[in-house]
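Hi,

Here is the structure I promised to pass on to you. Have a look at it first, and my notes on what turned up follow below.

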Amino acid sequence: MANGDPADAGSAERKPVGLLVRLAYQSIEDFKRRFAPNLSRGGVFIRTREPKPAGTLVAFELRLSTGEKVMRGDGVVRSVVVEDLGATPPRVPGMAIQFTRLDAASRALVEEVASSRAALERTLSSPGMGTPLPGFTPVAAGLGSPPTLSRPLGTPVAVPTLSPTNVPGEAERDRPPRGEQLRRITGLFEIPLPSTPEPITRPSRAVIGIDLGTTNSSAAVVRDGRPYVIPSREGYRTIPSVVALPPRQTLVVGHLARAQLLSDPAGTINGAKRLLGRPFDSAIAAEMRGKFPYQIVADQDGLAAVRLGPLTVTIEQVAALILRAVKELAQNHLGEEVNRAVLTVPAYYNERQRQAMRTAAALAGLRVERILNEPTAAALAYAYGRHLQQRVLVYDLGGGTFDASVLELQDNIYEVVSTGGDAFLGGVDFDACLTRLLLRQYAEQVGVEFDGNPVALSRLTDAAERAKCALSERASFPVQLPFLAMHQGQPVTLETMLNRGEVEALVAPLVDRSIEVCREVLQAKGLTISDIDEVILVGGQSRMPLVHQKVAAFFGKPPARTVHPDEAVALGAALLAESLEGAEGVVLLSVTARD
Ligand code: AMP
């Protein structure tokens with residue numbers, strides 16, 4: 001080659017070695033989902049204990065366990081990875097092959113897998129996606145970045161021939177038995193499932209405020225009189241409230257778990273806060289079963305729990321895993337142990353749900369200094385230290401839920417007088433509207449309905465959410481999804497321009513629904529809009545300009561501008577924590593529970 005790379009010297013004269021790789025996957029969809037970390041536009045990583053030396057020319061073919069061909073081409077071995085299970089993260093043995101030629105179908109497949117992974121990686125690296133947990137390193141799949149056991153891997157076996165003969169059982173032969181493999185992996189990486197309260201020997205100096213949200217969670221603290229949300233080392237300010245059990249691995253939490261939502265929705269627990277302290281046979285649990293792909297089961301006390309692979313996980317345990325991730329974030333930032341916290345919960349939580357939150361905290365090694373209602377926390381962030389005499393409405397539109405609460409503030413007394421909401425109204429419903437719009441545009445552009453695989457659909461949903469957030473700042477936003485699907489043997493790229501007006505027309509009924517809830521919450525206490533002095537917007541989805549407009553139109557005044565919608569609840573919790581430590585406390589009065 002012109003670059004004079006020694007690995008290519010004399011390649012014209014050398015004969016390529018035939019390489020037939022049998023993978024353990026049974027379907028092409030499975031291959032796309034699970035083999036993705038091993039594949040890049042430039043090459044493929046083949047896991048094998050008998051790698052060819054660097055520089056070897058290969059003519060390779062990848063097949064499914066059924067014998068079906070998935071990829072075929074030529075390449076050159078660029079590097080060899082020697083197994084090292086003691087490394088952090090551990091290395092699996094294999095070889096990285098750089099493509100020199102691919103047939104057209106293989107090229108399209110590589111393009112599809114690479115661009116869906118790019119979508120995943122954007123998800124991983126986008127601000128607000130939380131911190132990777134120690135020991136879980138995202139793998140940038142491709143040459144020079146050999147995969148580790150920290151991400152799903154295929155289990156390919158390289159055999160030195162291009163013969164079309166099937167080799168039964170080959171895929172299994174090269175790896176340790178499943179139990180052994182799990183043991184090895186868990187020994188190195190385990191995030192144990194918390195099952196007993198973590199003892200607290202010495203209460204920490206620091207008390208943090210924690211907002212355990214349905215979609216995202218965060219922690220805040222007061223330092224030198226200033227409350228702030230604690231950032232991760234990477235600068236993220238929230239951790240996704242997501243727990244997952246990737247195939248053949250142990251639990252992951254936060255943004256790594258959320259990244260898996262696209263490829264393995266059934267093995268990824270999100271939005272589970274709705275189930276905390278609820279019986280398996282409650283209406284909410286029944287509705288969740290219809291809406292979420294993961295399995296919801298009854299635990300031994302008849303409460304809703306979830307299945308993660310072979311594990312039955314209680315919702316307290318799910319919450320504890322998230323709380324522990326938040327606690328670790330705080331410890332890393334403050335450089336000291338943190339085991340005391342003020343926790344927030346929805347105002348309508350009953351005693352059983354509040355107790356479930358306390359149990360989760362104990363499992364995570366946190367002593368609960370106070371349980372605080374979320375709208376009260378938001379009101380604290382708005383009013384703390386201002387000695388206000390006001391009646392405010394907290395409008396909280398998050399990723400999955402909507403809550404509206406009226407509070408009366410009198411100096412340092414905060415009383416929730418009315419609350420209501422919709423446990424299934426939030427940002428994801430807005431995303432679904434945009435996804436449907438993109439699907440319609442696809443059908444118009446291509447002339448047939450979209451029949452893409454789940455990964456392609458996930459890319460669409462991901463693009464829809466990004467466009468939605470971008471449209472809060474600008475009037476139009478381009479969407480481009482290369483190689484989204486195949487049509488008549490040709491890859492299809494979806495290219496379109498979304499504009500704010502058409503999106504607003506689609507989501508307006510959702511915002512109207514939230515306004516309806518506000519009306520009900522006022523009516524429940526015989527209040528009218530003129531009784532409300534200020535409206536406080538909370539939750540990421542409330543950033544949409546249409547929400548501001550409709551709220552302003554309904555209440556006859558613009559919402560308060562001083563409160564940060566994503567941070568208000570955690571900040572309020574931190575302020576209460578601070579006030580508990582000081583002489584002058586804040587008096588908080590609650591409201592009856594809603595079930
Ligand atoms: P939360 O549960 O409060 O973290 O809110 C998460 C939801 O807010 C997700 O559905 C996000 O897509 C949505 N969101 C975040 N930022 C924006 C934005 N700038 N415009 C519209 N929605 C947003």
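Please keep in mind that this is a predicted model. I'll start with the helices. The axes of α10 and helix α12 (residues 500–524) cross at roughly 145° and come within 9 Å. The crossing in which α10 passes α12 is right-handed. On the α10 side, the contact is made by D429, F430, C433, L434, L437, R440 and Q441, and α12 brings E502, V503, L506, V507, L510 and V511. Sorted by class, this contact has nine nonpolar, one polar and three charged residues.

α10 (residues 427–446) also packs against helix α11 (residues 454–470), at an angle of about 115° and with the axes 8 Å apart. The two helices are therefore roughly perpendicular to each other. Here, too, α10 makes a right-handed crossing. The residues in contact include F430, L434 and L438 of α10, and L457, L460 and A464 of α11. The contact of α10 with α11 divides into eight nonpolar, three polar and three charged residues.

Three strands, in the order β14-β15-β16, form an open sheet with antiparallel pairing. β14 (296–298) and β16 (311–314) stand at the edges with a single partner strand each, so one side of each has no neighbour in the sheet. From one strand to the next, the twist averages 45°. β14 pairs with strand β15 (residues 304–308) over three bridges, and V297 has A305 in β15 as its bridge partner. Helix α7 (residues 315–334) packs on this sheet, where it touches β15 and β16, and its direction makes about 75° with that of β16.

Best wishes

Notes:
Residues are numbered from 1 along each chain as its sequence is written. This is a predicted model: local features need pLDDT of at least 70, side-chain atom pairs count only at pLDDT 80 or more; totals for chains, interfaces and linings use all residues. Side-chain values use heavy atoms; hydrogens and water are left out. Axes are lines fitted to C-alpha atoms, for helices over the stretch in contact, and angles run from 0 to 180 degrees between N-to-C directions. Helices (H or I, at least four residues) and strands (E, at least two) are DSSP runs, numbered from the N terminus. Angles under 35 degrees count as roughly parallel, over 145 as roughly antiparallel, 65 to 115 as roughly perpendicular and the rest as oblique. A crossing is left-handed if the near helix is turned anticlockwise from the far one by less than a right angle, and right-handed if clockwise. Contact means heavy atoms within 4.5 Å. Ala, Val, Leu, Ile, Met, Phe, Trp, Tyr, Cys and Pro count as nonpolar, Asp, Glu, Lys and Arg as charged, and the others, Gly among them, as polar. Two strands pair if DSSP finds at least two bridges between them.
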